[in-house]
Each structure stands twice: as structure tokens, then as C-alpha cells.
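Please walk through this structure with the model open beside the text.

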Amino acid sequence: MRLRMLSQEKKYLARPSLPRPQATIPHATHVASLSFRTLFSDTNHLLVSELLSPSKKHSKQQKTPPKPSILPAHTTFSGRAGLGAYTAAPETFPTSRVIKYDDNFVTINDLFPKSSIHLLLLPRRPDKQLLHPFEALQDPEFLASIQQEVRKLRILAAKELQRRFGKYSAKEEEREKAMEKAFNGTGEFDESTLPPGRDWSKDVISGIHTHPSMAHLHIHVLSRDHHSECMRHRKHYNSFETEFLVDVDDFPLTETDAKRRRKAKFLDEDLVCWRCGRNFRSKFAKLKHHLDEEFEQWKAE
């Protein structure tokens, strides 16, 4: 019995060491309060449900069991390396945090969202994970895969905006009334004759930061509203509203592209409202109050 216990202990100690999910999150993981378990339950969003099914267990998201980790036993994820916990073992996190994953990507909610919706796309390729985005996205094949995945996430984010805020939108209300009127007639109608409704995709932005705060490669996909308690200072806002954020569709960048200015003082630029263009100079508190007002008007469009 003693030999059997020692054998089991050796097997246990030989396993790669990963942090418990709850222990790593406060340090450097990026997850939002947005829950995709209820996010796509609305029957009006069947397309979204097919693309991103909120299954109860992650095991349904992949046909084969997850590959065992090849990380050394001492591996831990904290500080700037915090996002590595998600790419190393996404199956250990709840679906409210890890939205979906496969062998190539992990998609999570940002812990400190800077907008109503804020997602992070995390590539899992070991040879790309720790490269600066400017270097990693020079690979044409890898770049194409990133751009394709980002387009999918932008669609999902737009659908969620419609689900959350469509009831406040004048354009959506106009379309809904036209549909109801058509159904009250023959029950059949030509959709091309209906008002177009609101194009929520225009309210979604995406890209990488010229100077990322986290070590692992990640791409931001977020709504444009910047309505969040986590939007707390000038650098937060300017990191998404200046050339500090570079759209992945702008890649590959030439060697002389101005966006390569990693040390440019984008974060210190004047605070300019994304919606009306009003310049608040360095007065973030006034901008923050203004953004709350703009948020209500934006929803009503």
C-alpha cells in the first residue's frame, strides 16, 4: 500500500503545474461581467447561437479531448503573463469567462472592460504568443487566420449590441413596426421593402495596441460606447480612441508606417469624444460625465 501511494504521488508531481483559475484572475487576466450563457439565448439570434453556442460544458465545443499541457512544472501565470493561463488550459475556466476555444484560439471576456462589450482574442500558437503584434502579424498565413476570427467576433458583438440595446433604438423600432404591419396583412412580405434598421456593426471596433500591457498576444474586439466603470482615466480612453489601437485589417504594416511608432505619445493626446468630436483637453472627469450622456443618446439612434 505504501509503494502504491508513493507511485501515485510521483505521477501527481509529474503533472504540469497550472494555477487555479481564481488565484490568477486578480493579477492579470482580462475577463468581463458579460455572460455569454445568456448572451445568445434569444431566439431572434439563431445565427449567433450557431456560431457561438453557449453550451453548459466546454467539452461540447471540441470533438477531441484537450491536449495535455507541455508546460514545465514550475509554470505560473501572473503579472504581464496572466493571459497565458487561458491559452494553456481554457477548459479549466467557466463559460462566463472563456467564451469559446479550439486548438488555435481562445476568446474571453475582459476583466476590466472599457465598453459595454469587450472581448479578447488569444492566439494559441507557441511561436507567436509572446511576439509583439507588429512581428507576429507579419506572417501572412497567421494574419489571415487572425483577421478571419476577428470578423466572426465583430459579428457576435454586433448581435449582442442589438439584443441589449435594440429596444431603445428608434431605427430598430421603425423596422419592428413595419414588420408587425406586414404580418398583420397577408403574413408575407418583401423584406427589401422594410426599413433597414440599425447597423450595429458600425459600433464595434477591434485591433491591437502598439504597446500592449500584457505579454501574450491579444486582439481587442469591443463596442464603441466606452460606457464602463472600468474606464477610469485618460490613458484608458486614448488607448482605444487614438492610433494607439491599430486595426488588424491595416496589417501587414510597411516598415515606414507611422503606426509603428511604439513610443509615440498617443496616450497623452487630448481627450476627444468619439461620437460628437468635442475636445475635453486633459479633463477626463468631464469627458466621463459626457460619455454617460452620449451613451443614452447613442442607444436611442
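Helices (H or I, at least four residues) and strands (E, at least two) are DSSP runs, numbered from the N terminus. The model is a predicted one, in which local features need pLDDT of at least 70 and side-chain atom pairs count only at pLDDT 80 or more, while totals for chains, interfaces and linings use all residues. Residues are numbered from 1 along each chain as its sequence is written, and side-chain values use heavy atoms, with hydrogens and water left out.

Serine 223 is found in strand S5. Buried means under 20% relative accessible area, exposed over 50%, and partly exposed in between (1.4 Å probe, protein chains only). Serine 223 counts as buried because its relative accessibility is 1%. Its side chain makes a polar contact with the side chain of aspartate 225 at 2.6 Å. A polar contact is a pair of N or O atoms within 3.5 Å; within protein, one must be able to donate a hydrogen and the other to accept it, and residues adjacent in sequence count only if both atoms are side-chain atoms. Leaving aside residues up to four places away in sequence, serine 223 touches Ser115, Ser116, Ile117, Leu161, Asp203 and Val204, where contact means heavy atoms within 4.5 Å.

Strand S5 belongs to an open sheet of six strands, ordered S1-S2-S3-S5-S4-S6 with antiparallel pairing. Two strands pair if DSSP finds at least two bridges between them. The edges are S1 (98-101) and S6 (245-246), each of which pairs on one side only. A hairpin of three residues joins S1 to S2.

Helix H9 (residues 234-241) lies across S3, S4, S5 and S6, at about 105 degrees to S4. Axes are lines fitted to C-alpha atoms, for helices over the stretch in contact, and angles run from 0 to 180 degrees between N-to-C directions. Aspartate 139 caps the N-terminal end of helix H7, with a side-chain oxygen 3.1 Å from the backbone nitrogen of glutamate 141.

What of the charged pairs? A salt bridge is a side-chain nitrogen of Lys or Arg within 4 Å of a carboxyl oxygen of Asp or Glu. The whole structure holds 14 salt bridges. In one of them, lysine 177 meets glutamate 173 at 3.3 Å, N to O. Both residues lie in helix H8 (residues 170-183), four residues apart, or about one turn of the helix. Lysine 177 is exposed at 52% relative accessibility, whereas glutamate 173 is partly exposed at 43%.

Another salt bridge joins arginine 275 and glutamate 294, at 2.5 Å, N to O. Arginine 275 lies in the loop between S6 and H10, and glutamate 294 in helix H10, so the pair ties together parts that are 19 residues apart in sequence. Arginine 275 is partly exposed at 29% relative accessibility, and glutamate 294 is buried at 4%. Salt bridges that share partners join Arg198, Asp203, Arg275, Glu294 and Glu301 into one network. Asp203 is also among the residues that serine 223 touches.
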